[in-house]
Amino acid sequence: MEKWEDNKAWYLVIPVIIIVAFSAIIPLMTVVNYSVQDIFGPGERVFVGSEWFKDVLSDYRLHEALWRQFLFSGLVLLIEIPLGILIALAMPTRGWGVSASLVTLALPLLIPWNVIGTIWIIFTRPDIGLFGSIVNGLGVAFDHTARPLDAWITLMLMEVWHWTPLVALLAYAGLRAIPHAYYQAARIDSASSWAVFRYIQLPKMRGVLTIAVLLRFMDSFLIYAEPFVLTGGGPGNSTTFLSIYLVKIAVGQFDLGPAAAFSLVYFVIILLFSWLFYQALQNIGKGEAR
Amino acid sequence: MKIKAKTIGLAVYFGLLLLPIYWMLNMSLRTNANILGSFALYPHHLTFDNYLKIFTDKSWYMGYVNSITYVSINTAISLSTALPAAYAFSRFHFLGDKHVFFWLLTNRMAPAAVFLLPFFQLYSTFDLIDTHIAVALAHCLFNVPLAVWILEGFMSGVPREIDETAFIDGYSFPRFFITIFVPLIRAGIGVTAFFCFMFSWVELLLARTLTTTNAKPIAATMTRTVSATGLDWGLLAAAGILTIVPGALVIWFVRNHLAKGFALGRV
């Protein structure tokens, strides 16, 4: 589908740019400003150039947190995207089941993030929590406050519980936007349900799935409140993700300069990977089934 | 047989999904001593004290009013600015279109912690601190780009022949957009409205930074349940259950648009 060439389309985009730039530009430039200065107090600051960036890039704790973060976001994408698509495919398309499924799906998404952590603390407690007592009742010693693996499992469960509905909702809306004519054509060709999925549904969902992958990548990479409340980054440092470490520096030690440099590095990593994902998803299957 | 397996799988998934929420509901109907005292699959002595406290204490229920106010303003702004922009991105090539499109999304990628102070300074300069419009505007930073992206995806799914036919038939752009195009992508608008509502509703850091008392969001009010004597689990659970309600209503209202989706026959 070739697009029309017309620079007047800018008029339709300008309101969006103004409203986003209002909140985006000045804070970003302020953070850039912090990142090259040593700040002692109001009016007392020294230009230090790239020193904070060098510090941050050679900080081994940051490297550890970064790898942890990649592992976490990778697992999140590998689990949530296929699961979300499966759920969307299994959901009813007519009748009362539609409303029921949609509302049910939305529930975990609507709980404030700090509360999610708190709910899961009590849900996984072995004495008074449902999950904790069932798992322990099965004879498995499970303790997310003491064992790193258990902490990771709990976090992943919470994360999958919390965010898979977002993927499912997007995928469902994408599926509903496929014109019936496509399915009719497939029925005439007596295509298998796998063929329908592979050559009609999946390509048609590319737009929403691109958004789902990018959203889940960005948000899981920036995850803060839920693990902070549930595990506090522990046991040890086993669930200290990038933003937990960042807050430690920015708020705990009030090192504004290094924290700002850290934020910018963090931002660039997310930017880079989002761009790669975006390009990859744009190019996959180009030229087939359009 | 295949359909049955699907339904069973979905039912199991929904069951698991509801468990933590059921547990929250269970806790919200019990007293703290009861919650911490023993394991109970369901509340043996129902108490509505936790809910009563929220509905009678002004500092509690105003949290909900504040959140609903700024979230509604935000959703309205996001949708009304994003609709024309998304149309431009899906239909036109123009100078810098790809860059602007991706730049929009980069606004969701910054870690919040260090940005809070500059945000506070910026909104202080405009004398907007502790107003609903401040939070609504600040949340546009991540909601407007999301709305543009989601809507663009849905709009690109609509064949361009529809636009061309309408223009040949003598429709003006605004009339075409509102009477033909918007109904065609109402599934997308439904999803977008819900997502804007949801992301603005659960965001805590910016909302808390930009407000003090008059526009304090419910998520910030809920952090008060942590006190020196420990967590007030029952109250927190009741407040948690109540935070789900407004969003559930939103998705209830947009559910038909989601489910019906694309209807070419209308043109």
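Chain B is divided into domain 1 (1–47) and domain 2 (56–266), with bounds that come from an automatic or database domain assignment. This is a predicted model, in which local features need pLDDT of at least 70, side-chain atom pairs count only at pLDDT 80 or more, and totals for chains, interfaces and linings use all residues. Residues are numbered from 1 along each chain as its sequence is written, while chains are lettered from A and ligands numbered from 1 in the order in which they are written.

**Domains of chain B**

- Taken over C-alpha atoms, the centres of domain 1 of chain B and domain 2 of chain B are separated by 30 Å.
- Eight residues of domain 1 of chain B are in contact with seven residues of domain 2 of chain B; two residues are in contact if their C-beta atoms, placed from the backbone, lie within 7 Å.
- On the side of domain 1 of chain B that touches domain 2 of chain B, the elements that give two or more residues are helix 1 (2–28) and helix 2 (32–37) of chain B. Helices (H or I, at least four residues) and strands (E, at least two) are DSSP runs, numbered from the N terminus.
- Helix 1 of chain B gives the most to this side of domain 1, with four residues.
- By class, this side of domain 1 has four nonpolar, three polar and one charged residues. Ala, Val, Leu, Ile, Met, Phe, Trp, Tyr, Cys and Pro count as nonpolar, Asp, Glu, Lys and Arg as charged, and the others, Gly among them, as polar.

**Interface of chains A and B**

- In chain A, 79 residues are in contact with 84 residues of chain B.
- Helix 1 (residues 10–35) of chain A gives the most to the side of chain A that touches chain B, with 15 residues.
- That side of chain A has 61 nonpolar, twelve polar and six charged residues.
- Strand 1 (residues 4–5) of chain A pairs in the parallel sense with strand 1 (residues 92–93) of chain B over two bridges; strands pair if DSSP finds at least two bridges between them.
- Opposite E5(A) stands H93(B), in strand 1 of chain B.

**Chain A and its helix 12**

- Chain A has 13 helices and three strands.
- Of the 290 residues of chain A, 41% count as buried, that is, with 20 or more other C-beta atoms within 10 Å of their own, C-beta atoms being placed from the backbone.
- The buried residues of helix 12 (residues 242–252) of chain A include Y245(A) and I249(A).
- Among the elements covering the buried residues of helix 12 of chain A are helix 13 (256–283) of chain A and helix 6 (112–125) of chain B.

Terms used
A residue is buried if 20 or more other C-beta atoms lie within 10 Å of its own, exposed if 12 or fewer, and partly exposed in between; C-beta atoms are placed from the backbone.
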